[in-house]
Amino acid sequence: MASENDAIAVTGAVPAGQAESERAGMDRRGFLKTLGAAGACALTAGHAAAAPAGPDEEPCGVLVDTTRCAGCRTCERVCAEAHGLPAPDESDDVMKVVRSPSERALTVVNRYETRAGEVFVKRQCMHCLLPACASACLTRAMFKTPEGPVVWREKKCMGCRFCMVSCPFEVPRFEYHSPVPRIVKCSLCWDRLKAGQRPACVENCPAEALVFGKRSQLLEEAQRRIQGSPETYVHQIYGEREVGGTSYLYLAAVPFDQLGFRADLGDTAYPLLTREFLYGVPVVLTLLPALLLAISNATKENQDPSHHEATHGRLDAHTGNRA
Amino acid sequence: MAVSTLTPGTALREAGGFLRFFLRELKPKGKLLTPFNLLSAPIMLLGVVLLVIRFARGLGAITNLSQDYPWGLWVGFDVITGVAFAGGAYVVTFMVYVLRQEKYHPIVRITVLNGLLAYVFYAGALLLDLGRPWKVVNPIIGNSFGVSSVMFLVAWHFLLYMLAEFIEFSPTVAEWVGRRRAARVLGSLTLGATIFGITLSTLHQSGLGALFLMAKSKIHPLWYSEFIPILFLVSSVFAGLSMVILEGTISRKVFGARMSPVHHTSHRGIVLGLSRVCAGTLFVYLFLKALVFIHGQQVPLLATPLGLWFLVEVAGFVLVPCVLFALAVRRESLALCRVAAAMTLVGIVLNRLNVSIVAFRWYDPVRYVPSWGEVVVTLTVIFAEIWVLRWVVERMPVLSEAPGWVSVVRAPVPATGHAELLKEA
């Protein structure tokens with residue numbers, strides 16, 4: 001508890017009023033929702049250049065406890081409001097199919113019938129620690145901030161959609177019906193974080209299903225919950241190791257592959273899949289020309305000049321050794 | 001024409017002369033109402049209309065691309081298949097300028113021209129597919145170098161390779177406009193441009209495969225492997241050479257009248273020689289495919305519909321053309337060489353489309369099928385390339401003899417080059 005307050009005090013970027021109120025009303029709920037790190041994350045955002053890399057640089061994230069989610073879809077509504085997107089269809093009909101985040105809804109809640117009853121799962125960008133999309137982006141438009149969020153920068157993007165091809169969670173969406181299209185995805189409310197606020201979905205979750213904080217502390221909290229009621233949870237935190245770790249972490253009562261999560265993604269961070277190839281590039285780029293030049297010089301000697309002149313009528317594209 | 005004698009007056013006269021020469025060259029040669037023109041012109045017109053709609057209303061207006069299938073025909077065929085087909089240029093220049101196999105010298109110019117135009121049009125087709133093409137300079141200039149991106153490598157290599165190809169082709173342009181000194185200077189750059197071009201090709205042909213390395217969870221295991229880059233590189237060798245073989249056959253029919261005698265006499269030996277290389281590289285490719293297949297323990301997958309489709313691709317359009325090429329070389333049958341080359345090209349189309357479209361999200365019940373608009377635009381790109389190719393071949397000494405002044409040692413032939421045209425003008 002003290003350490004959390006320290007984090008806020010040290011960072012000091014949280015508006016005084018907010019920090020004060022949080023300290024005053026630090027009941028369990030408030031503690032869990034904040035986990036003391038909102039301020040820390042927000043601060044590093046503002047002072048990233050000045051602050052040396054250290055524990056404060058640790059990325060923040062969100063823990064989603066699907067055993068607590070009641071499926072009220074408040075997160076969908078406030079997310080749309082926070083990002084100026086059309087209000088989601090509130091009827092239950094849309095819950096009958098499994099939806100993905102789209103260019104008009106950055107987060108969606110899906111319902112699954114399982115042996116543990118109805119389970120609701122909020123989906124959005126996972127904010128990978130080593131994101132495939134950012135490594136795929138040739139203009140660095142898709143960018144992993146040191147604070148955790150993976151954000152898209154409009155000024156840089158040329159719309160090649162390689163991020164969409166590469167993302168293992170199929171999160172980035174493209175505006176196909178716009179002449180000035182954007183890539184759209186959850187930014188972990190990057191603008192709100194910089195202003196010292198928590199993501200809109202976390203801020204407004206009435207069921208305490210979402211917790212915002214530093215990733216390491218979220219992992220500890222998740223472990224605590226599993227150990228506290230081992231019969232409630234499957235003993236896995238989705239996102240702890242998947243594709244090298246994600247900033248969004250999930251707890252569930254049933255195996256994750258029954259909740260629309262892919263179990264076959266592996267623990268390797270996706271950028272590592274292209275690393276060997278990219279390491280080979282400078283090697284080829286420096287060694288191959290030398291080799292080719294050597295072969296070219298070696299074969300030059302074998303040329304019989306008289307034969308050469310007879311068959312080869314052009315000076316043009318020749319190497320000039322004959323001129 | 002020497003630089004030292006240039007005064008404002010002569011410069012003006014010369015510029016005017018060149019303009020008249022160029023305008024005269026711009027006019028179409030030959031009949032306008034050929035079957036090819038009658039077929040291609042309306043399609044190209046329609047394609048231009050579709051492209052206007054595409055840029056006015058977004059990619060979704062004329063394509064079937066979706067959030068799940070961000071890349072379709074324009075990337076999978078135009079760019080990824082088209083660039084494999086253009087691989088002939090780096091292989092042939094390697095054989096002629098590095099290995100100095102003079103036997104293949106007659107086809108260098110047409111092959112390099114084909115390669116250059118293929119890159120300009122097919123890699124250029126990427127611009128049509130970009131959502132925000134006005135930002136295309138970002139990875140080239142500015143402070144947005146995404147060096148961890150395979151796409152960054154591919155983009156730079158496309159650009160640099162086009163430059164290298166243009167340098168390789170530039171002596172032909174200099175001969176066309178009658179610039180002796182320029183032709184000599186540009187010709188001396190050829191070896192450097194060739195070596196640079198081969199290196200770039202090695203990296204971006206494999207780079208096109210490496211684009212799919214991060215789609216690991218989406219591509220069917222029969223088509224995904226960490227060796228995609230190597231498979232793409234090796235297959236670009238026989239893809240490019242098969243294209244050269246077929247293109248040579250078509251050129252003899254279409255441009256036969258313009259062809260120099262050396263072209264006609266060397267054709268047979270060249271086709272048989274290239275076929276031998278194709279047979280060899282197809283075998284290497286098959287061997288690599290088998291290694292990946294066995295190492296991945298993928299035998300059970302063959303008994304699925306996509307497994308059969310995989311067999312069609314590998315047995316039907318890699319193994320069979322490999323055997324056919326070998327037979328054709330043995331029997332010295334040009335007809336069989338052409339059949340094998342055509343089958344090889346079909347196999348390349350299958351492979352590239354399988355990796356980028358068919359095996360991509362193979363588990364998804366909703367499949368991407370290109371819209372008619374995408375097909376028309378693809379045809380437009382292909383036809384536009386052929387129109388430009390024809391224009392160049394009809395005018396520049398690509399297949400025809402170079403102007404008489406080019407080689408001092410050559411036996412005297414009537415100088416029909418454009419240098420004389422320029423002098424008249």
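Colleague: How much of chain A counts as buried?

Modeller: Of its 323 residues, 43% are buried, which requires 20 or more other C-beta atoms, placed from the backbone, within 10 Å of a residue's own. This is a predicted model, in which local features need pLDDT of at least 70 and side-chain atom pairs count only at pLDDT 80 or more, while totals for chains, interfaces and linings use all residues. Residues are numbered from 1 along each chain as its sequence is written, and chains are lettered from A in the order in which they are written.

Colleague: What does the secondary structure of chain A come to?

Modeller: Chain A has twelve helices and nine strands, taken as DSSP runs (H or I, at least four residues, for helices; E, at least two, for strands) and numbered from the N terminus.

Colleague: Which strand does S3(A) pair with, and in what sense?

Modeller: Strand S2 (residues 108-114) of chain A pairs with S3(A) in the antiparallel sense over seven bridges; pairing requires at least two DSSP bridges. The two strands form a hairpin, with two residues between them. A:Val108 has A:Arg123 in S3(A) as its bridge partner.

Colleague: Is S3(A) mostly covered or uncovered?

Modeller: Strand S3 (residues 117-123) of chain A is mostly covered, with five of its seven residues buried.

Colleague: Turning to the interface, how many residues does each chain give to the contact?

Modeller: Chain B gives 65 residues and chain A gives 61, a contact being two C-beta atoms, placed from the backbone, within 7 Å. On the side of chain B that touches chain A, the elements giving two or more residues include helix H2 (35-57) and helix H7 (150-177) of chain B. That side divides into 36 nonpolar, 18 polar and eleven charged residues. Ala, Val, Leu, Ile, Met, Phe, Trp, Tyr, Cys and Pro count as nonpolar, Asp, Glu, Lys and Arg as charged, and the others, Gly among them, as polar.

Colleague: At what angle do H4(B) and H5(B) cross?

Modeller: The axes of H4(B) and helix H5 (residues 108-123) of chain B cross at roughly 150 degrees and come within 8 Å. Axes are lines fitted to C-alpha atoms over the stretch in contact, with angles from 0 to 180 degrees between N-to-C directions. H4(B) and H5(B) are therefore roughly antiparallel, a term for angles over 145 degrees.

Colleague: Which residues make that contact?

Modeller: Among them are B:Val92 and B:Val96 of H4(B) and B:Val108 and B:Val112 of H5(B). By class, the contact of H4(B) with H5(B) has five nonpolar, five polar and no charged residues.

How values were computed
Buried ≥ 20, exposed ≤ 12 C-beta atoms within 10 Å, placed from the backbone. Parallel < 35°, antiparallel > 145°, perpendicular 65-115°, else oblique.
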